[in-house]
Amino acid sequence: EILNIENGSVSFTHSFDNFGLNEIHVIFNAFDFYTSLGAVGNITVKSRTALNLTIVNEYNPVGIEARVFDEHGSAVSSGNVTFIVDGTGYDVNITDGKAFLSHSFKQIGMNRIHAVFNGIDYCNSSEIFLDINVKSTINAEDATKTMNSKYQFQLLDSNGKPFNNTEVTVK
C-alpha cells in the first residue's frame, strides 16, 4: 500500500490477522535529492476482552463466577481475575475461561462486586461491577415436637450474628 507523507508523518489503519507480535516493513522510495531507505518495526496487537459475572448462589457464602472472553467470543484460558469484595482483593487464576470465588460478605443486603481481568500476553484487561442482594442462610437444628408444642430457636446469620427485629416464616 502506498501512503502519502504529511508534515513528515504517515498514518494508516490496518486490521492484523494475528494477535501478538507483528512486523511492519516501511520503505521510503527516494525522489529528488533524498536517499531511499527501509525500516522494520514491531507492533503488539492485543485482543479486546469481555468479562461477565454470574452469581451462582446469593446466600452467604456467595458463589461468584467470572468468565473472560476475547473479542471473537473464545474463552481466555490463562491469567487471573481480581475480585474486590468488602474492600479486599482476591486474585483467582482462570481455568477454561472461568474464575470462581466463594465469599461470605460482612453485611447482608446490598453489596458491590468489582472484578478485574488483569490482561495477559495478547489480551487487554477489562473490568465489571455488579450489585448483589446478599441473603442470609439460617441454620436451625431439627426438633421433633408434638401438637401445641412451644418452639424456640436462636436464629443466626451465616456470620454467627443473631437476627434482630425481623420476621421469619415457619412452615
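Trainee: Is N124 buried, partly exposed or exposed?

Mentor: This is a predicted model, in which local features need pLDDT of at least 70 and side-chain atom pairs count only at pLDDT 80 or more, while totals for chains, interfaces and linings use all residues. Residues are numbered from 1 along each chain as its sequence is written, and side-chain values use heavy atoms, with hydrogens and water left out. Buried means under 20% relative accessible area and exposed over 50%, with partly exposed in between (1.4 Å probe, protein chains only). Because N124 has a relative accessible area of 32%, N124 is partly exposed.

Trainee: Where is N124 found?

Mentor: Strands are DSSP runs of E of at least two residues, numbered from the N terminus. N124 belongs to the loop between β8 (109-117) and β9 (126-134).

Trainee: How many aromatic pairs are there?

Mentor: Rings of Phe, Tyr and Trp (its six-membered ring) pair if their centres lie within 6.5 Å, and planes under 30 degrees apart count as stacked, over 60 as edge-to-face and the rest as tilted. By this rule the number of aromatic pairs is four.

Trainee: Which kind of pair do F28 and Y34 form?

Mentor: The ring centres of F28 and Y34 are 6.2 Å apart. Their planes lie at 85 degrees, so the pair is edge-to-face.

Trainee: And which kind do F31 and Y34 form?

Mentor: For F31 and Y34 the centres are 5.2 Å apart. Since the planes stand at 55 degrees, the pair is tilted.

Key. Helix = DSSP H or I, 4+ residues; strand = E, 2+ residues; numbered from the N terminus.
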